[in-house]
Amino acid sequence: MLTRHQPLPVPWSTLNGSDRQRQENFERVRDCLERSAQRQKRNYDKGAVQRHFAVGDWVLRFYPPNLSKSKLNPKYIGPYLVTAKLSEVTYRVQRSRHSNPLVLHADHLKRFHSESLPASWLPKVDKIADNTRDQANQTCFGDGDIDTETSEDEATSPGLDTALPLPADLPRRSSRIRRPPARFGWDE
């Protein structure tokens, strides 16, 4: 947001007509810019979606194709493994154990869905990560109550031994078998 400007050190009565008019114009422009920034923020926030990932989740990275190359190139590349959560919106991800880690904003990531996920090279997730995952589920599902009873409709996260209950109103995935592209080398 724009900040308010400092008032002039001289009183209004000592300014001549053109300086006073100039000062009024500056104030009017500042007010218009502030209202415009507020309106743009409000319009952006209407379509913004908060994304939360836990350490050990597999994600895809937004990497738009270069305009000079083919426009048919994929917009997302990956998968990447989330190795650390640096803040509410920044994550450290790695494509493989030996690749350089990248620090990316959550807006440039989306969850990777596949029937067979690649093996994680992270050590087993302990109780602290379970608490972090529970907080992420509370944020995503909203009700704040986490059902700890086991049922038939539970889903497990990759690399975690505990199961999370699915909300009853969550739409079911289609029965179509989704396979990753052959270029990833995960075919059996």
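The legends below describe close-up views of aromatic rings in a predicted model. Residues are numbered from 1 along each chain as its sequence is written. Local features need pLDDT of at least 70, side-chain atom pairs count only at pLDDT 80 or more, totals for chains, interfaces and linings use all residues, and side-chain values use heavy atoms, with hydrogens and water left out.

**View 1. The pair Phe53 and Tyr91 is one of three aromatic pairs in the structure.** Rings of Phe, Tyr and Trp (its six-membered ring) pair if their centres lie within 6.5 Å; planes under 30 degrees apart count as stacked, over 60 as edge-to-face and the rest as tilted. With centres 5.5 Å apart and planes at 75°, Phe53 and Tyr91 are therefore edge-to-face. Phe53 belongs to the loop between α1 (17-47) and β1 (58-62), and Tyr91 to strand β3 (residues 90-94), 38 residues apart; helices (H or I, at least four residues) and strands (E, at least two) are DSSP runs, numbered from the N terminus. Both residues, Phe53 and Tyr91, are buried, meaning under 20% relative accessible area, with exposed over 50% and partly exposed in between (1.4 Å probe, protein chains only).

**View 2. Trp58 and Trp121 form an edge-to-face pair.** Their ring centres are 5.9 Å apart and their planes stand at 80°. Trp58 is in strand β1 and Trp121 in the loop between β5 (109-111) and α2 (127-141), so the pair ties together parts 63 residues apart in sequence. Trp58 is buried, at a relative accessible area of 4%, and Trp121 is buried at 17%.

**View 3. Lys110 lies over the face of Tyr76.** The distance from the ring centre is 4.2 Å. A charge sits over a ring if NZ of Lys or CZ of Arg is within 6 Å of the ring centre and within 35 degrees of the ring normal.

**View 4. Arg95 lies over the face of Tyr80.** Here Arg95 is at 5.6 Å from the ring centre.
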